[in-house]
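Q: Please take a close look at a single part of this structure. I would like one connected account of how that part is put together and what packs against it.

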Amino acid sequence: MSLFTKNLEKFLIFFFTGVSVVLIVMGVARAKKPTSLAAAPAPTPTPAPQTSTLGATTITGSAYQTPWGSASASITVKGGQVVAVSMPSVPNSPPSIYAEPYLIDQALKAGSANIQGVSGATYTSIAFKSSLQSALAQATTQGQSVSPSTNTAVVTPTAKPTVPQRYRDDDDDD
Amino acid sequence: MTEHRIFHSMGIPVHITMVGFSSSEADAALARAEDIFTEYDLRFSRFKSESELMRLNTSNGSWHKVSIELFQVIKKCVALSAETDGSFDPSVGGVLASYGYGLPLNFELPEVLPTYRDLAFNDRELLIRLAPKQILEPACIVKGMAIDMAGKAIVEKMDTSRQGFIINAGGDIFTQGSFEDGKQWNVAIQDPRSADAIITAAGIQNAGMATSGTYQTGGEHHGKKWHHLVNMQTAESAPGIVSATVIARTCEEADTEASLVILLPLEKAVARLEARQLPYFIISENGTVTKNNTFAQLEIPIATLVA
């Protein structure tokens, strides 16, 4: 065998061993991530409409329908500033398709329905936005002065329901 | 083994059910699908200021170099616009932005709306020139494309003789192979009147299925209700049809045709679908259902599916 072939062989062995090690490490790292749907946090089913803590008021917007049940946005107002925007109920967060599903999804999970999917109009974040706007409107009628600059900062097309971090890579819709 | 995986992209949950996949195979398939969605999102999103589409959408009036992918998508949109006499028009982006739906922010519509006829193309250099205030939104094609490509990426690495999967991206579906025990995939159609109910179901295999509906994405603008399917001949949200489901070989075709059903007059929409021999299930505002025999043949009574 020529020196070149020998060196090439050596190189190839080292190269592929290296690649394999990297792949295994990547695989292990991925396997360590929680992938089980059951491990996902269960959503809080009942939103508290008015909770005051330390001078802050939380106002819940009108409920809206998603393919996975109804949801509503809420804002926390303190001193005329929106300090937090949240979703008290999070039906569209992927894990809750199983945790808090609508009728047919419950059947899907239990395996009692022989249905593997539901086709419907795409759920997007626009419904969340209008729920948010209704919360802001309520805040105003309840005598809360919400500064408009904060409103526009909060109500952007990218506003979307709180979902666990690993599902929150993207912020838009079609 | 039946494995479920979900990720979130383009503002929608994407749910993949895989049959005959080991847990690690399912993870690998998920990663491939997610990569495709991320790529499509970065290229075609009207909700991300850094996307290639938004760079084009802010280049109005001057020639702008685009990727072959974006060039082809916009060309496809223009072909669809010509076929539908401008009922469908990718220039719809401006109308939607003026409703506050997507970028650009605080967009004011011009008096005369630019149309697809105002677009200029340089095929050799891959250049596109938009008219002033022209904002493109090719979403009706792009989402189906992303689903098909994600499906293709999974198919390439799987054993089609024993493995199968269904991708459900926010209600639009692509299936490959079979469900458990070689059975077809049963896919239900959501009732437009209630998120808690389904209205019918169809059994499909190696096919795409998409529903376009006016009941999910919409709002009010200057006291007038709107939804996202805007007929660009009138620049108004299309009336008449609330839900249109189409089954086709690809999800792209299903999704595109379903969107066109909402935009076109019912007779025209039906003629278009019949010419393409596609199964369809259409629900009008008054609750009337229009479907063809090919759909009826795939239809499964819900009572037999739900125990």
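A: B:Ala244 stands opposite B:Ile282 in β16(B). This is a predicted model, in which local features need pLDDT of at least 70 and side-chain atom pairs count only at pLDDT 80 or more, while totals for chains, interfaces and linings use all residues. Residues are numbered from 1 along each chain as its sequence is written, and chains are lettered from A and ligands numbered from 1 in the order in which they are written.

B:Ala244 and B:Ile282 face each other where β15 (residues 241–248) and β16 (residues 280–284) of chain B pair in the antiparallel sense over 5 bridges. Strands (E, at least two residues) and helices (H or I, at least four) are DSSP runs numbered from the N terminus; two strands pair if DSSP finds at least two bridges between them.

Both strands belong to an open sheet of 8 strands in chain B, in the order β1-β2-β6-β7-β10-β15-β16-β17, with antiparallel pairing. The edges are β1 (2–9) and β17 (289–291) of chain B; each has a single partner strand, so one side of each is left without a neighbour in the sheet. Neighbouring strands are turned by 10 degrees against each other on average, direction ignored. Angles run from 0 to 180 degrees between N-to-C directions, and axes are lines fitted to C-alpha atoms, for helices over the stretch in contact.

Helix α1 (residues 23–44) of chain B packs on this sheet, touching β1, β2 (12–19) and β6 (164–169) of chain B. The direction of α1 makes about 20 degrees with that of β1(B). Two residues are in contact if their C-beta atoms, placed from the backbone, lie within 7 Å.

β6(B) and β7(B) are antiparallel partners over 5 bridges, and B:Asn168 has B:Ile173 of β7(B) as its bridge partner. Their hairpin has 2 residues between the strands, and B:Gly170 takes a positive phi near 55 degrees there. Towards β10(B), β7(B) is joined by 2 bridges, again antiparallel; B:Phe174 stands opposite B:Gly208 of β10(B).

How many residues of β7(B) are buried? The count is 5 of the 5, so β7(B) is largely enclosed by the rest of the structure. A residue is buried if 20 or more other C-beta atoms lie within 10 Å of its own, exposed if 12 or fewer, and partly exposed in between, with C-beta atoms placed from the backbone. B:Asp172, B:Phe174 and B:Gln176 point one way from β7(B), and B:Ile173 and B:Thr175 point the other way.

Helix α6 of chain B lies across β7 (172–176), β10 (208–213), β15 and β16 of chain B, running at about 155 degrees to β15(B). α6 (residues 251–263) also packs with α5 (residues 139–156) of chain B, at an angle of about 155 degrees and with the axes 7 Å apart. α5(B) and α6(B) are therefore roughly antiparallel to each other; angles under 35 degrees count as roughly parallel, over 145 as roughly antiparallel, 65 to 115 as roughly perpendicular and the rest as oblique. Among the residues making this contact are B:Ile141, B:Met145 and B:Ile147 of α5(B), and B:Ala254 and B:Ser259 of α6(B).

For the chain as a whole, 53% of the 307 residues of chain B count as buried.
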